[in-house]
Amino acid sequence: MTDPDYRSAADRAPPAGRRIAELDIARSLALLAMAVFHLAWDLTSFGFLPRDTMQAPEWRAFARLIAGSFLFLSGISLWLAHGSGLRTAAFLRRLWMLAAMAALVSVATRIALPQAWIRFGILHALVVSSCLGLAAMHLPRPLLALAAVGALALGAVELPGAGAAWLWLGIAAHRPPMLDYVPIFPWSGVFLAGILAARCLAGRIPAPLDPATRAVRLAAWPGRHSLMLYLAHQPILYGAVYLARQIAG
């Protein structure tokens, strides 16, 4: 029998293809927060800020908030794009792009900073979470909520016998230094929570922003190009701070 929980009109995804300005603006804000964090990291690396700045609890919490916002918004986007029917070509195209960029980040950081290269960062997490989210997307809401909570809870599990090979799951008791570390547990739970939120809020935004408005277009532009800006912003910031260090002596 068809489950009324997710086949009801209120729980269906809108037709795919229409940009939602609110979602793009939310991504823009997440990108701005990420740029602030990376700028602080660069300033610390070049001695403009105290060496232990980024170890402060507020900066660590800020980093988690940024990662969580990207995964949550990506969960919402997956439902909006494929909740009304899987568009296989579009899904695979995005998945392969994310996978290629994740591999590029790993290789680049392995060469540039071998002592802290990225084995499983935000892009790696998005690849795996997208696959998990696709499999769980049409679960009844209570089961989807249980899956999200379960993934979040598993983030607290540490197995003493689990070595570096298990870093991607997040259950290793110890891990080497890493510039970006976003394991499947607990972060896939945030992605699933985004899907659940999208399903629960479907059709309940009474007055969406007009995407044709100039101010809205400008605010939404970074969010529409989030992957490109994610890859480009840190080399630009790092280069600018390096130049400032050379000028300052």
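The legends below describe close-up views of a predicted model.

The model is predicted, and local features need pLDDT of at least 70, side-chain atom pairs count only at pLDDT 80 or more, and totals for chains, interfaces and linings use all residues. Residues are numbered from 1 along each chain as its sequence is written, and side-chain values use heavy atoms, with hydrogens and water left out.

**View 1. Helices H5 and H7 cross in a right-handed manner.**
Helix H5 covers residues 122-136 and helix H7 covers residues 184-201; helices here are DSSP runs of H or I with at least four residues, numbered from the N terminus. Their axes come within 9 Å and cross at roughly 50°, where axes are lines fitted to C-alpha atoms over the stretch in contact, and angles run from 0 to 180 degrees between N-to-C directions. That angle makes H5 oblique to H7, since angles under 35 degrees count as roughly parallel, over 145 as roughly antiparallel, 65 to 115 as roughly perpendicular and the rest as oblique. The crossing is right-handed, a term used if the near helix is turned clockwise from the far one by less than a right angle, and left-handed if anticlockwise. On the H5 side, Leu126, Val128, Ser129, Ser130, Leu132, Gly133 and Ala136 meet Ile184, Ser188, Phe191, Leu192 and Ile195 of H7, contact meaning heavy atoms within 4.5 Å. The residues of this contact divide into eight nonpolar, four polar and no charged; Ala, Val, Leu, Ile, Met, Phe, Trp, Tyr, Cys and Pro count as nonpolar, Asp, Glu, Lys and Arg as charged, and the others, Gly among them, as polar.

**View 2. Helices H2 and H8 meet in a left-handed crossing.**
The axes of H2 and helix H8 (residues 214-224) come within 7 Å and cross at roughly 65°, and the two helices are therefore roughly perpendicular to each other. From H2, the residues Ala21, Asp24, Ile25, Arg27, Ser28 and Leu31 meet Val216, Ala219, Ala220, Pro222, Gly223 and Arg224 in H8. By class, this contact has seven nonpolar, two polar and three charged residues.

A search of the whole structure finds one salt bridge, defined as a side-chain nitrogen of Lys or Arg within 4 Å of a carboxyl oxygen of Asp or Glu. Arg27 and Asp24 are both buried, where buried means under 20% relative accessible area, exposed over 50%, and partly exposed in between, with a 1.4 Å probe and protein chains only.

Gly170 is placed in the loop between helix H6 (141-154) and H7, and at 13% relative accessibility Gly170 counts as buried. Although Gly170 and Phe185 are 15 residues apart along the chain, their C-alpha atoms are separated by 5.4 Å.

**View 3. Leu231 sits in helix H9.**
Helix H9 spans residues 226-248, and Leu231 counts as partly exposed at 26% relative accessibility. Not counting residues up to four places away in sequence, Leu231 touches Met101, Val105 and Leu123.
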